[in-house]
Amino acid sequence: MIIVNELRIGNCINRLGVPTTITAIEINGEGFGYVSTKSSGAITFNQIEPIPLTEELLLKCGFEKYLKKDVYFKKGDSFELHQFNKYGHFSYVCGDNLEGNFISIRIDWLHQLQNLYFALMGRELTISL
């Protein structure tokens with residue numbers, strides 16, 4: 001289930017199992033509301049699902065994989081994702097590695113990656129679904 005306050009216009013989500021992009025969001029009350037997508041008019045939040053982040057999807061977003069590590073990088077940007085376990089969990093890691101202090105932000109869904117990328121890079125993530 002998607003957490004409503006994570007969504008923004010431009011996020012990719014699944015509607016009836018088909019990837020689409022949000023074009024408008026309207027929230028009424030406590031998490032109730034509607035989104036519009038390129039393939040529909042207004043639909044309720046219970047009709048959409050997040051798109052799981054996978055290696056295949058990262059490659060479609062322009063990421064490349066380092067040969068010797070489970071690290072994916074966006075060419076031309078200083079943006080890397082790490083895959084920490086065999087279950088496909090991706091994280092953005094930042095911090096001072098010299099002192100051993102760092103923050104790891106787990107990213108499970110495509111819309112979370114889009115939002116983090118936009119916040120850090122100041123531009124939308126290009127995606128070829």
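Guide: Two strands are taken to pair if DSSP finds at least two bridges between them. Helices (H or I, at least four residues) and strands (E, at least two) are DSSP runs, numbered from the N terminus. The model is predicted, so that local features need pLDDT of at least 70 and side-chain atom pairs count only at pLDDT 80 or more, while totals for chains, interfaces and linings use all residues. Residues are numbered from 1 along each chain as its sequence is written, and side-chain values use heavy atoms, with hydrogens and water left out.

Visitor: In what order do the elements of the protein chain run from the N terminus on?
Guide: The secondary structure of the protein chain consists of two helices and 10 strands. Read from the N terminus on, these elements follow the order β-β-β-β-β-α-β-β-β-β-β-α.

Visitor: What percentage of the 129 residues in the protein chain is buried?
Guide: A residue is buried at under 20% relative accessible area, exposed at over 50% and partly exposed in between, with a 1.4 Å probe and protein chains only. Among the 129 residues of the protein chain, the buried share is 37%.

Visitor: How much of the accessible surface of the protein chain belongs to carbon and sulfur atoms?
Guide: Accessible areas come from the Shrake-Rupley method with a 1.4 Å probe; for residues, only the protein chains shown count as cover. The accessible surface of the protein chain is about 8,000 Å², and the part belonging to carbon and sulfur atoms is 54%.

Visitor: Which strands stand at the edges of the sheet?
Guide: Five strands form an open sheet in the order 4-3-2-1-5, with antiparallel pairing. Two of these strands each have a single partner strand, so one side of each is left without a neighbour in the sheet: strand 4 (40-44) and strand 5.

Visitor: Which residue is the bridge partner of Asn14 in strand 5?
Guide: Strand 1 pairs with strand 2 (residues 18-28) in the antiparallel sense over four bridges, and there Asn14 stands opposite Pro19. Strand 1 also pairs antiparallel with strand 5 (residues 48-49), over two bridges. In strand 5, the bridge partner of Asn14 is Glu49.

Visitor: What is the phi of Leu16 in the turn between strand 1 and strand 2?
Guide: Strand 1 and strand 2 form a hairpin, with two residues between them. In the turn, Leu16 has a positive phi of about 55°.

Visitor: Which residue in the hairpin of strand 7 and strand 8 takes a positive phi near 85°?
Guide: Strand 7 and strand 8 run antiparallel and are joined by three bridges, with Tyr72 opposite Leu81. The hairpin has five residues between the strands, and the residue with a positive phi near 85° is Gly76.

Visitor: Is Tyr72 buried or exposed, and with which side chain does the side chain of Tyr72 make a polar contact of 3.4 Å?
Guide: Tyr72 lies in strand 7 and counts as buried because its relative accessibility is 0%. Contact means heavy atoms within 4.5 Å; beyond four places in sequence, the contacts of Tyr72 include Leu58, Phe63, Phe79 and Phe90. A polar contact is a pair of N or O atoms within 3.5 Å; within protein, one must be able to donate a hydrogen and the other to accept it, and residues adjacent in sequence count only if both atoms are side-chain atoms. The side chain that makes the 3.4 Å polar contact with that of the buried Tyr72 is Gln83.

Visitor: What is the distance of the polar contact between the side chains of Asp77 and Tyr117?
Guide: Asp77 lies in the loop between strand 7 (71-74) and strand 8 (80-83), and is buried because its relative accessible area is 16%. Leaving aside neighbours within four places in sequence, Asp77 is in contact with Tyr117, Met121 and Arg123. The polar contact between the side chains of Asp77 and Tyr117 is at 2.2 Å.

Visitor: Why is the pair of Phe79 and Tyr117 classed as it is?
Guide: Rings of Phe, Tyr and Trp (its six-membered ring) pair if their centres lie within 6.5 Å; planes under 30 degrees apart count as stacked, over 60 as edge-to-face and the rest as tilted. The whole structure holds five aromatic pairs. In the one formed by Phe79 and Tyr117, the ring centres are 5.1 Å apart and the planes are at 65°, so the pair is edge-to-face.

Visitor: Which residues form one aromatic cluster?
Guide: Phe79 and Tyr117 are both buried. The cluster is formed by Phe63, Phe79, Tyr92 and Tyr117.
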